[in-house]
Amino acid sequence: MSRTARQDWDVVVVGAGGAGLRAAIEAREQGLRCAVICKSLFGKAHTVMAEGGIAASMGNVNEGDNWQVHFRDTMRGGKFLNHWRMAELHAREAPDRVWELETWGAVFDRTKDGKISQRNFGGHEYPRLAHVGDRTGLELIRTLQQKIVALQQEDLREHGDYEARLKVFQECTVTRLLKDGNRISGVFGYERESGRFFVIESPAVVLATGGIGKSFKVTSNSWEYTGDGHALALLAGASLINMEFVQFHPTGMVWPPSVKGILVTESVRGDGGVLRNSDGKRFMFDYVPDVFKEKYAESEAEGDRWYKDPDHNRRPPELLPRDEVARAINSEVKAGRGSPHGGVFLDISSRLPAEEIRRKLPSMHHQFKELADVDITAEPMEVGPTCHYVMGGVDVDPDTAAATGVPGLFAAGEVAGGMHGSNRLGGNSLSDLLVFGRRAGLHAARYATGLTGPGRPAVTDADVEAAEAEALRPFSAEGGGAGGAGGAEGAPGPAENPYTLHQELQQSMNDLVGIIRKGPEMTEALRRLALLRGRSRRAGVEGHRQFNPGWHLAIDLRNMLLVSECVARAALERTESRGGHTRDDHPAMDRRWRQVNLVCRLLAESDEADPLLGLIEVERRAMPPIRGDLLALFEKDELMKYLTDEELTAP
Amino acid sequence: MSYDAHFRVWRGDASGGELADHTVAVNDGEVVLDVIHRLQATEATDLAVRWNCKAGKCGSCSAEINGRPRLMCMTRMSSLPPGETVTVTPMRAFPVVRDLVTDVSFNYAKAREVPAFVPPPGLAPGEYRMRQEDVGRSQEFRKCIECFLCQDTCHVVRDHEENKTAFAGPRFLMRVAELDMHPLDAAAETGLDRKRAAQEEHGLGYCNITKCCTEVCPEHIKITDNALIPLKERAVDRKYDPLVWLGSKIRRRGA
Amino acid sequence: MATGTDPQAGTAPAAGGAAPARGGVNHPSRAAIGARHLRPDRWWLAPAVTAAGLFAFVVYSTWRAFANDAYYAAPYVSPFYSPCIAENCVPMKGGADWEVFGAWWGLSPALLILIFPLGFRLTCYYYRKAYYRGFWASPPACAVAEPHAKYTGETRFPLILQNVHRYFFYFAVIVAGILTYDTALGFRDERGEWGHMGLGTLVLLANIALIWAYTLSCHSCRHIVGGRIRTFSKHPVRYRMWGWVSALNARHMLLAWASLISVAAADFYVYLVASGAFDDPRFF
């Protein structure tokens, strides 16, 4: 029998960002015992990087806003590929989730009459983003963290133990979901600090692990974003959808090289910042696509008037959805009109007084000052696209966040797919975390409540031992000459440095499955991924298990390779351009493709002997038709751009 | 532009360790964390270091560079004296785990000892009304990224392990100040006096306002001037000030 | 398992209820680095300059306070000797020489009044930092280990008395008021006629401006004026005043030094004039 330590909890949440913490709070408030597992320290999750705000149609700044308008904006932003039910729930529930944060101690910026202030953002018709300067994500994570502490203080009073019903296991990585038959029975993982393995037995697991950005070279994502949840779900038999849609944020830092990719918040544009090329031209006016022609200003004068008088003017095209702006910047740079370091200029200095810039965008001011020696109150920033967010994720039920096909598995936040369609609007991420985090926690709790006692799924020793062996493989990986048991696992060859493999993976994805894609390049990407997968079996590490980053990376490589293959395969399959998926060889949007979701699954039988063969199969699935009353929110003219004639004439 | 820099990095664990010498390439615009990563990818693949965002927003990569507590991701190589050895060690106020990683559990334990925000009774979610000028002070403190550099540099615990039980440290005294200045916190209505707690439970009196916490704060929060001293003054209000005492007596009689 | 609040295995102090080992950066749980600090910069410079500056002032003011001589040269009075409240004061025309203290006091009258500004500055939040660092090395500089084996801060006697800063602030306002009066008297000539201005008038004027700026920039003042209010929007006037005091307060250190130097300079100027070493240039 395995000597791995075991614990028993009702609900396990993997990930302690916005979605994970919100899920944990909900499960605990339902009266269940909930464990949260996170790779970093508690409170350091990637959510802190979110800057702009939380989209919620509270109507504090413009009373015309309501959930229907928010729903409409979300569907437009996602080019109608969003799961309509998720977009509906999201738009309806977001205001409650924001107000709830206030009762937990969040301190948002205020309007003159003391309500939560809301700011403009790309793709949102009204000022909608609740914010705290440009550090909204930090406020969100800290508020949830402090709410968890508040619940723990309550438990101390009632049970004499802070961790009686809610416990955070920090700096732990989950490497496998464990199952009993097809049902979830727990998780297997290791503590980063000690390297010790552990098993938590639990009938319900909520995945809230965020995204996959670390598979790309230029990214705004932190090291944690290795697609763990995506891969865990695949390996447990769940499926992923929409994986071809990767959002490249239009404005990341481009210089100096060591900070390339770090995010420059969209609020810079929301608050008046403009994009210019090396000729000093506001080029975005040349890139307004037909579907958005009526909604955006045609002249600089009109765009500038909009900031003061949004009811009688149209917004400037700098505030188009992110995919449009990212592509435009990419084209300008390719056409030779870029900035010295290969980006374009984002200028706020000529638009707002220095004092106001420092007040509204303090962390941007700080970030450029400290990292690039640029004073944004006096000179323009250089920016370019950076991998920011994956729209694709675990295929879930919209209402319950339950993963399709694996009872007991739930997913919320970036790791879940469907909500944002082919492109996410800024600000919709934080609200997504809260709305679906809560739903995942609630339904995981309900599911687990029914599974106490003998009906509870069990963890088998064999599964635990297999997981242990898998996790330990990097220590026994050795070059062909030296021999050793581990060498037999992979193809013969020298031991590989995991950092080198990771860099090669990032380079391949960036070059071949990046912002602009071509069929042959993606085929090449799949070939390289297969080779990397073969080599990754020989990824070896030195030292011991205590806080060994080389080992951690060797384990994470499995996940990055799996999700990268999903992205490349799905992207190769979808022969159109839409949202976060742009094909040079299929530049137009095709209404027939709107009806199709691409579903990725692990191949039932993969031929391990031939490493060039993939592990993932992609399948087409029809989108569910949008409910009539929701369709009625749009003008017929607009729908014609997205929906096929048959869909429009259907009763 | 690239040059070779000489680094001394502390390697070891709780049983001991030493400063290891390395010569590493440094490129234009790089920060100390970039150089540590280069070391990791080349000659020391098992070098333990915490980091996350690499943009000064998460507060994970706290360490001591040339003897001063700093974030590795926000310390540009060009800000260090050229040609001189760069010494990187773990934070020295906390138990070491391995290499540059320390056990920061002290801070999480202290966080739990500060009673949470008490929502005002009778106000439903969505009914909170606060003016910007009323939330400004709390907002400054909520910029904190919990890098724990202030906790690390504070001599009260850095130089006196035995004070760790009695002293919450600047970060969590600031948290008390944040809640005490929150316009809608209803702690007082439940009988909780945060000012008294600051002094009696969280060790406010240990602070001798020597301002090292403010000096190291990467978010430039004026911890001493805006949180700790006002908190001390608030504690004085209820204990030592004769005029405030007189004023409250008169008002009580008048009422 | 690692939960963030459980100390990690191996880093926890030995179990068994024994008191945790004393010590600081060389405590056995911390990274084994022998040096008290690893700062290569001249960290000792700032505390050394501070200590030297404060020491120089203490020497000068002690000499002047005990001198009991050359502190009045009509119409100027040294700020060290005002108000003069013992019978042995030299008479000052219309000045603040109130003989409330009687005749039994034989020492310098400066000693009676200097207690108040001295107490104000001694308990001042800036000067506390300066002398804790400069004189007591607690700590000498950030991340430089202090030499003391034990530290209780301001939790017990005598340092708990630092909390009386508030009282001294009230007195400091009174003293500043009297010095303002003295300065106003500087616009009279030695015969008591208004419409005079000499270099001494300007010296006193500059001094009192700095004294007021320092006094009003005090942290206690900032608190009393508005800092203690929870909801600023309900007290717009006090909020605005708090904003002004806060702006001054941000320069408290600068004002502390400037006013310290100006008060010594004003005294020295009066000394020069009173002792006849210098003739006060007269503008009108």
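This is a predicted model: local features need pLDDT of at least 70, side-chain atom pairs count only at pLDDT 80 or more; totals for chains, interfaces and linings use all residues.
Local features need pLDDT of at least 70 and side-chain atom pairs count only at pLDDT 80 or more, whereas totals for chains, interfaces and linings use all residues. Residues are numbered from 1 along each chain as its sequence is written, with chains lettered from A and ligands numbered from 1 in the order in which they are written.

**View 1. Strand 9 of chain A and its burial.** Strand 9 of chain A spans residues 183-191; strands (E, at least two residues) and helices (H or I, at least four) are DSSP runs numbered from the N terminus. Eight of the nine residues in strand 9 of chain A are buried, that is, 20 or more other C-beta atoms, placed from the backbone, lie within 10 Å of their own.

View 2. Val174(A) has Gly189(A) as its bridge partner. Two residues lie between the strands, and Gly181(A) adopts a positive phi near 65 degrees.

**View 3. The hairpin of strands 9 and 10 of chain A.** Five bridges join strand 9 of chain A to strand 10 of chain A (residues 197-201) in the antiparallel sense. Gly186(A) stands opposite Glu201(A). Five residues separate the two strands, and in the turn Gly195(A) has a positive phi of about 80 degrees.

**View 4. Chain B.** Chain B contains 10 helices and seven strands. Of its 255 residues, 63% are buried.

Methods:
A residue is buried if 20 or more other C-beta atoms lie within 10 Å of its own, exposed if 12 or fewer, and partly exposed in between; C-beta atoms are placed from the backbone. Two strands pair if DSSP finds at least two bridges between them.
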